[in-house]
Amino acid sequence: MNATFNEEKEKLMKSYLLGELTEQDKARLEEQFFVDDDQFAELLGAEDRLIGGYLSGALSPAEQDSFEKYFLASPRLRRAVQTESLLRDAIGARITEPDHLVAVQTAGRTKRVGIFSGMFARPVVRWTMVMAAVVIVIGASWLVWRTALDADRLRSERSESQEKPEQSNLNSNMELAQPSSTEMAVSNGQAQNENRQNPQKPPNNRQTTESRPAIVTLLLTPHLTRGGGETPVLRISRSTRTVILRVPLASDDYKTYQASLQTPEGKGINQQAGLVARRSSSGEYVAVAIPARNFSRGDYILTLFGKTPSGSVEKVGEYAFTALVE
Amino acid sequence: MKDWVLTPDAFDRFLAGLDADREQAGEKYEVLRLKLIKYFEWQGSPTAEDLADETVNRVTRKLFDGEPIRNLINYIFGTARYLAHEHRKELLHQDAALKELPNHIPFKTEKLDNIRIGCFEKCLSGLPEADRELIITYYSPEKREKIDEHRRLADKLSISLNSMRLRVHRIKQRLEKCTSECEARHARK
């Protein structure tokens, strides 16, 4: 009975700290801890256990997600987590390089990043990274296979009928591909969560792969801003479901990135936050996945912002491109 | 209201409202301030300490002006809730403005993080020995997240588990404040 009561209480306190209580329950709990010092101290204990659970990877995927979205959204609470992480380091806890930064760091760069040094030693994250690596390898193999298949099909179609050249002549900056779970995951917080809970299997059935939505990736380069150089062209066909805007980074100076897509007149098309840097053979980049239906024929400007650990937002760059929708 | 300055007299009246015994009132005030700070932190406020102090200021002024307050703690809680609500509205406006006008101050993660780590270590070693020992033991790998271990530690110190938690959090607040101030000094250099 007592154990159940304590478990319920712990659950309630955890829910409060993760912003999951109704306004009514929240107000009730707050009133209790204002009046009763013991209730308050217990809440402090629950906060300790929650932070500790996050740093040690003991939270469930859902709790971890809520923690990152709600608890870490507060600059002060982020600092509290950072302090605890530093405390753990100071008392001899194992220090490991943050996994998500390992993915984008250049060889030999071994900076410690405070809050992010201890917390990414979590087994959950490590396991996820291993799974992501497996998905990438399988996905890449599948892409090669798929591209070869498309090329074969294109060749046979060409020989059978004289198609218009532009139908097969893709912009040199673009590549037509099927969705990659890892690309999608990095571009969208919700997708990240879904990916964590339901790791997508690589397609192994031709029928399935052909029914999946196509992704068009457009590489944006820093110098191609308004008024400078040739503007890249994004070609969207009827089968395109998702557009990935890939923004190369000179260096990864930020914990997360935000992207805002607008028309030159300032009309907001899409906004995303919580994007993280990725590394490819050509360097570090941020990928922004946007539904193809958001686009119509015309010019667009993607603005990338970096979020500092203190919570301030800085502009990284503006990238202009033209969309051509078939 | 904003121009009103907290005077020693007014603050004394506030303390007297917490407890007739001055020493007890001081201790209660310490806990109350920590509660207010944590309350605003849990609401996601980046300026929790300022809001905690503003809450105390507003309540103190009411007391000083002779307004009858039947239950001081409840009144403080009500004031804090009101301020949190106002602050949330203010933050929404700030966020909207920030989207239009991003901050262009150059920032290097590596530099700031190294400074923070250095400052933290300096502040930790600058704590009184008893506080440093307590916080290190509280967060030691064999004790952290284990209520039973924390209870044993509290027994050893002859204080209750909850008193120990409050003490640890006050030390942590001091440590964070010291680290932030140290970082700010470096940033100005």
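A word on conventions comes first. This is a predicted model, in which local features need pLDDT of at least 70 and side-chain atom pairs count only at pLDDT 80 or more, while totals for chains, interfaces and linings use all residues. Residues are numbered from 1 along each chain as its sequence is written, chains are lettered from A and ligands numbered from 1 in the order in which they are written, and side-chain values use heavy atoms, with hydrogens and water left out.

Let me start with chain A. Chain A has 12 helices and 10 strands, where helices (H or I, at least four residues) and strands (E, at least two) are DSSP runs numbered from the N terminus. Of its 326 residues, 47% are buried; here, buried means under 20% relative accessible area, exposed over 50%, and partly exposed in between, with a 1.4 Å probe and protein chains only. Contacts, meaning heavy atoms within 4.5 Å, can be sorted by sequence separation. In chain A, 68% of the contacts with a separation of 6 or more involve residues 24 or more positions apart.

Elsewhere, strand β4, residues 240–248, runs antiparallel to β8(A), with seven bridges joining them. One of the paired positions there is Pro248(A) with Tyr285(A). Strand β8(A), residues 283–291, is largely enclosed by the rest of the structure, because seven of its nine residues are buried.

Chain B has eight helices and zero strands. Of its 189 residues, 42% count as buried. Among its contacts between residues at least 6 apart in sequence, 60% join residues at least 24 apart.

I turn now to the interface. The size of an interface is often given as the accessible area lost when the parts come together. Chain A and chain B bury about 5,100 Å² between them, 60% of it on carbon and sulfur atoms; buried area is the accessible area (1.4 Å probe) that two parts lose on being put together, summed over both. On the side of chain A, Phe34(A), Arg76(A) and Ile91(A) lose the most area to chain B, together 16% of what that side buries. In terms of contacts, 55 residues of chain A meet 56 residues of chain B.

How many residue pairs are in polar contact across this interface? The rule finds 18, both residues being at pLDDT 80 or more. A polar contact is a pair of N or O atoms within 3.5 Å; within protein, one must be able to donate a hydrogen and the other to accept it, and residues adjacent in sequence count only if both atoms are side-chain atoms. Among the elements of chain A that touch chain B, α3(A) gives the most, with 14 residues. By class, that side of chain A has 24 nonpolar, 12 polar and 19 charged residues; Ala, Val, Leu, Ile, Met, Phe, Trp, Tyr, Cys and Pro count as nonpolar, Asp, Glu, Lys and Arg as charged, and the others, Gly among them, as polar.

Helix α3 of chain A also holds Ala41(A). Ala41(A) counts as buried at 0% relative accessibility. Leaving aside residues up to four places away in sequence, Ala41(A) touches Asn162(B), Arg165(B) and Leu166(B).

Five salt bridges are found across the interface, a salt bridge being a side-chain nitrogen of Lys or Arg within 4 Å of a carboxyl oxygen of Asp or Glu. Lys172(B) forms one with Asp48(A), the closest N and O atoms being 3.6 Å apart. Glu47(A), Arg76(A), Lys38(B) and Glu41(B) are linked in a network of salt bridges.

Finally, two cases within chain B. His87(B), in helix α4, is buried with a relative accessible area of 10%, and its side chain makes a polar contact with that of Ser45(B) at 3.1 Å. Glu49(B) and Arg33(B) meet in a salt bridge at 3.8 Å, N to O. Glu49(B) lies in helix α3 of chain B and Arg33(B) in helix α2 of chain B, so the pair ties together parts that are 16 residues apart in sequence.

Conventions
Pairing = 2+ DSSP bridges.
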